[in-house]
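Hello,

Here is the structure I promised to pass on. My notes follow below it.

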Amino acid sequence: MTKPEGVLHTPMEKPVASETATTSGTKSLMHEQEAVSRSVTNPSQSSLRPRFRFSDFVAEKLILLTSLGSLGFIVLIFAFVFREASSLFFDPLIRMEVSWGNLLSSTWQPVSDEAKYGLLPLLAGTFKVTVIAVLIGAPIAVLSALFTATLAPKWARETMKPAIEILAGFPSIVIGFFALTTLASIIQSLTGTVFRLNAFVGGLALSFAVIPIIYTISEDALTAIPKSFREASLALGASRAQTAFRVLLPAATPGIFAAILLGIGRAFGETMIVLMATGNAPMLSFGPFEPVRTMTATIGAEMAEVVFGDSHYSVLFLIGLILFMFTFIINGIAEFGIRQRLLKRFQGAS
Amino acid sequence: MQTSASSVESRESSTLTPPRLDTIVVALAGFSAVLIVAIVLFILSDITLGGMERLTWEFLSAEPRHGMTEGGIFPAIFGTFLLVIIMSVAGVPVGTVTAIYLAEYAREGSLVAKLIRFAVKTLAGVPAIVFGLFGLGFFIQFVGTGMDQALSGGETLKWGQPNILWASLTMALLTLPVVIVSVEESLKAVPREIREASFALGATRWQTIWRVILPNSLTGILTGGILAVSRGAGEVAPILFTGAAYFLPHLPTSLSDQFMELGYHIYIMATQSVDVEATKPLQYSTTLVLLLLTFALNFSAIFLRYRVRMRLQAS
């Protein structure tokens with residue numbers, strides 16, 4: 001299709017075409033030099049460069065524009081969640097109804113004559129369930145990642161991979177349903193708690209959702225360690241277990257830390273599991289076997305029943321804003337604070 | 001388990017750690033791995049055993065009856081399929097184009113590429129319920145209400161309320177990172193020689209992408225789409241208040257209709273129905289259907305990916 005086009009240039013177009021050809025020619029020459037000088041530092045860069053064309057230029061810009069969409073969506077999400085919550089800050093009527101003192105109180109009673117929007121019990125509930133989930137999930141996930149990445153025979157590794165994939169593939173509603181119907185009864189018969197659904201049941205179920213994330217990223221970090229670490233340790237006479245726990249685990253610490261952070265982010269933002277398994281009582285309590293309600297579950301349970309634009313609606317969006325910003329920060333730390341440093345460390349080492 | 005060679009090795013190194021401690025920590029690590037497999041098997045068997053009995057053709061093809069204590073889940077299956085189809089039509093092209101940019105155009109380490117990668121990672125980390133809030137605030141309240149204003153002067157409420165279009169678009173946004181990551185991986189798996197051969201023949205970059213690279217990574221794009229569908233079919237939080245309905249007498253016929261969905265159906269039956277115990281067998285069966293659906297999708301994605309890798313190794 002393109003070849004005939006090149007041959008059938010009309011005379012009028014010709015000078016223009018040749019002009020662009022020469023400019024693109026010099027351009028490609030410059031690129032060539034660039035490429036040559038770069039290929040010394042970066043062998044992956046190809047020295048064969050494609051021809052320049054106007055339609056290509058348009059295609060590239062369109063593709064770039066679409067790609068910037070994901071960036072735009074992040075901005076849009078923040079902007080619109082903030083927009084719906086903003087009447088809490090700017091609307092004088094709602095300001096009167098929902099004062100800072102109200103938001104920081106310890107009672108959440110949005111549907112009463114004098115609505116109370118104390119966020120503390122919800123924050124405490126989220127915190128409690130997240131801590132339980134990570135305390136249970138992280139050791140299991142990190143230890144089994146260490147086991148499969150460094151100690152286990154090949155067949156064990158091959159068994160773990162599909163198991164983790166299946167666990168990661170469980171929709172959260174399935175884990176929530178399992179927690180609600182089966183897990184809660186088991187825990188109650190084991191511990192004899194008063195409340196069948198409580199923070200512990202929710203946290204335990206949530207750990208099933210957190211384990212695949214922590215496991216996968218920890219295993220990546222462990223397998224990314226240069227072979228020389230392991231070989232040096234074994235050559236010095238350390239056993240395989242000593243190598244795993246004293247050399248490989250410390251070397252992968254930043255990656256494992258990132259994995260746990262992302263696990264926290266996941267636990268913090270999960271909705272359906274906690275909505276079904278924690279008992280949904282917005283009370284400020286500290287025992288692990290008390291029913292709690294998390295921030296996500298509050299939005300999920302109450303948003304369908306609010307009047308658009310009233311104070312309850314705005315407070316639910318404020319909770320969403322807190323969730324968004326928290327996960328944003330967690331991901332930022334995990335990515336830029338830790339993983340980049342880890343990459344640098346190993347690139348320096350190998 | 002220990003061979004004679006390694007026992008000699010550990011005896012010699014006993015000055016560092018007593019071998020008994022070694023065995024304990026290794027056993028603990030192995031136990032954790034076994035525990036994960038046990039959890040998976042337990043959940044699988046619990047759902048399967050609980051749901052097998054009621055899983056009949058009638059259950060899959062009939063409508064719910066008697067306040068959902070009898071009958072089937074056909075409207076929920078239908079709604080789930082409709083949701084993921086609209087979601088894919090909206091999300092997969094955008095995700096594929098972004099992946100093309102990241103894999104083919106962006107220079108590794110350039111600011112734009114870094115920004116887009118960060119956005120994709122952030123998008124993947126945003127809680128599902130926040131996507132639901134965004135769908136409500138943006139699609140329903142902003143776009144939908146705006147459309148109603150423009151079309152009928154705000155007299156009829158058609159688009160400014162939850163429906164399947166807004167729910168699908170919300171879900172498309174949520175699954176976008178899944179598509180991008182998966183497609184980018186498959187684009188990067190296309191050997192460099194193929195690109196260079198195309199360039200050497202005088203093809204431009206876009207021609208190379210459109211005629212050479214994309215046909216070579218079609219299975220990869222399909223894999224990305226399937227993984228996104230699997231994720232979308234299992235998420236409930238984003239559609240809680242953007243379009244899913246408790247019970248509808250009719251199937252949705254237009255984009256502005258609400259719909260029933262499998263995950264939401266489970267949630268409603270398990271927590272909100274009048275007699276939770278009476279619907280328990282139905283809850284189990286519905287969960288089993290959802291699980292089988294997501295597994296079928298995931299396994300076909302794994303299979304496709306495996307085939308692509310085999311082919312690449314062969315060539």
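α10(A) bends by about 35° at A:Val210, the bend being the angle between axes fitted to the seven residues ending there and the seven starting there. A proline, A:Pro212, follows within four residues. This is a predicted model: local features need pLDDT of at least 70, side-chain atom pairs count only at pLDDT 80 or more, and totals for chains, interfaces and linings use all residues. Residues are numbered from 1 along each chain as its sequence is written, with chains lettered from A and ligands numbered from 1 in the order in which they are written.

Helix α10 covers residues 199-223 of chain A. Its 25 residues reach 35 Å from first C-alpha to last, close to the 36 Å expected at 1.5 Å a residue (1.5 Å times one less than the number of residues). In α10(A), 22 of the 25 residues are buried (20 or more other C-beta atoms within 10 Å of the residue's own, C-beta atoms being placed from the backbone). For chain A, the buried share is 45% of 350 residues.

Chain A has 16 helices and two strands (DSSP runs, H or I of at least four residues for helices, E of at least two for strands, numbered from the N terminus).

Now a helix pair. The axes of α7 (residues 120-151) and α13 (residues 253-269) of chain A come within 9 Å and cross at roughly 140°. Axes are lines fitted to C-alpha atoms over the stretch in contact, with angles from 0 to 180 degrees between N-to-C directions.

Best wishes

How values were computed:
Buried ≥ 20, exposed ≤ 12 C-beta atoms within 10 Å, placed from the backbone.
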